Amino acid sequence: MTQALPSSLIVIPCLNEAAHIGALLDQLRPSAERLGARIIVADGGSTDGTLAIVEDVAARDARVILLHNRRRIQSAAINLAVGTFGEGARYLIRIDAHGGYPDDYCDRLVEEALATGADSVVVSMLTSGSGAVQKAAAAAQNSKLGTGGSKHRHLSAGEWIDHGHHALMRISAFGAVGGYDETFSHNEDAELDYRLRQAGYKIWMSGKTQMVYYPRASLKGLYFQYLGYGRGRAKNVLKHRVIPKIRQMVPLAVFPVVLLAAFSFVHWIAAVPLLLWVSVCLGYGLAAAIRQRKADIALAGVSAMVMHFGWSVGFWLQLLGLGARRGVA
């Protein structure tokens, strides 16, 4: 006799995802049925037709539930969904509305959680784009230049890890450490992973599945996204008194380097660090385009510069307590 799988709660925080939410729900519903799971769409106040799409699916499938997240941000959405519907479920599965997933994504997560005994299963996040800006941003985010070699930005064979892109978590562990910190609109996953590790819980990087993330389609959107990431990382540093990793400390210099260049009218040498950074980034993008024979990723260096600058500005502003900005992750 086949042993029944533990019940799960699939949560999708979203805001204005009409272009993706219908297809995503159709893809997840078979997995939800196999796993005995409910799908909670925690919406932060969509105005683009997302609500009507979810309501239509929910009317046809009782497993799909629309939940209104008045606080808008993702950390609050997950906490609300778990607090409202988590009783009786063993696992929380977090799905990003703006991502792509294999059809057996949820199944593989539960399979690995059971096989390893992990309290959290995280996944590799590969980035893909369709337009010129998206493709360049994707190339930057998949590179060491853009992400500093972050492990969850590359495929894994399966390993224990400190942090990765959130996918599955044991609800008892999630509750024991207090869930997500709702003062974080960005980087809430890394902050929670820190508390999980401090409490003795284990995080496993999946070697059997991964997700695809679709980056911002404009450089402005990319900048503000990384501005938020930088703020979130600084909040982590301030809250837990942890020293950033070397790969995170390097881009910290970007904002000071840009400010230093403003004094090049005093002496030209003030512009040298800026010119070196620009040259490395642009050269990397061109080299990648030539190596891969893909002209449309030649601007990857520009995207990397936008990411570095936004992250650095956000980090320093948060560290100095200037211009606090709260938004949707």
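Averaged over the chain, pLDDT comes to 89, and 93% of the residues score at least 70; pLDDT is the predictor's confidence in each residue, from 0 to 100. This is a predicted model, so local features need pLDDT of at least 70 and side-chain atom pairs count only at pLDDT 80 or more, while totals for chains, interfaces and linings use all residues. Residues are numbered from 1 along each chain as its sequence is written, and side-chain values use heavy atoms, with hydrogens and water left out.

One stretch calls for some care. Over residues 325-329 pLDDT stays under 50, and the model has 18 contacts for them beyond four places in sequence, a contact being heavy atoms within 4.5 Å. Where pLDDT is low, the predicted coordinates should not be read in detail.

**Two helices, end to end**

Helices here are DSSP runs (H or I, at least four residues), strands are runs of E with at least two, and both are numbered from the N terminus. Let's start with α1, residues 21-35: its 15 residues reach 20 Å from first C-alpha to last, close to the 21 Å expected at 1.5 Å a residue. That expected span is 1.5 Å times one less than the number of residues.

Where does α1 bend? At Leu-28, by about 30 degrees, with a proline, Pro-30, following within four residues. The bend is the angle between axes fitted to the seven residues ending at a position and the seven starting there.

Leu-28 also belongs to the buried set of α1, which includes Ile-21, Gly-22, Leu-24 and Leu-25 as well as Ser-31, Ala-32 and Leu-35. Buried means under 20% relative accessible area, exposed over 50%, and partly exposed in between (1.4 Å probe, protein chains only). What do those buried residues pack against? The partners are the strands β1 (8-14), β2 (38-43), β3 (64-68) and β4 (91-94), plus the helices α2 (50-60) and α4 (105-116). Just past the end of α1, Gly-36 takes a positive phi of about 65 degrees.

Helix α9, residues 219-240, has 22 residues and spans 31 Å from its first C-alpha to its last, close to the expected 32 Å. Arg-241 comes after α9, and its phi is positive too, near 55 degrees.

**Positive phi away from glycine**

Asn-187 has a phi near 65 degrees, a positive value in a residue other than glycine. Asn-187 sits in the loop between α7 and α8 and counts as buried at 13% relative accessibility. Arg-293 is not a glycine either, yet has a positive phi of about 55 degrees. Its place is the loop between α12 (272-292) and α13 (300-319), and Arg-293 is exposed, with a relative accessible area of 79%.

**Salt bridges**

Side chains of opposite charge can pair when their charged atoms come close. Counting a side-chain nitrogen of Lys or Arg within 4 Å of a carboxyl oxygen of Asp or Glu as a salt bridge, the total comes to 15. Here are some of them:

| Asp-107 | Arg-34 | 2.8 Å |

Asp-107 and Arg-34 meet in a salt bridge. Asp-107 lies in helix α4 and Arg-34 in helix α1, so the pair ties together parts 73 residues apart in sequence. Asp-107 is buried at 14% relative accessibility, whereas Arg-34 is partly exposed at 45%.

Glu-182 is partly exposed at 23%, and Arg-71 is partly exposed at 42%.

Glu-111 and Arg-108 both lie in helix α4, three residues apart, about one turn of the helix. Salt bridges that share partners join Asp-104, Arg-108, Glu-111 and Lys-208 into one network. Within it, Glu-111 and Lys-208 are 97 residues apart in sequence and 9.4 Å apart in space, C-alpha to C-alpha. Glu-111 is partly exposed, with a relative accessible area of 30%, and Arg-108 is partly exposed at 22%.
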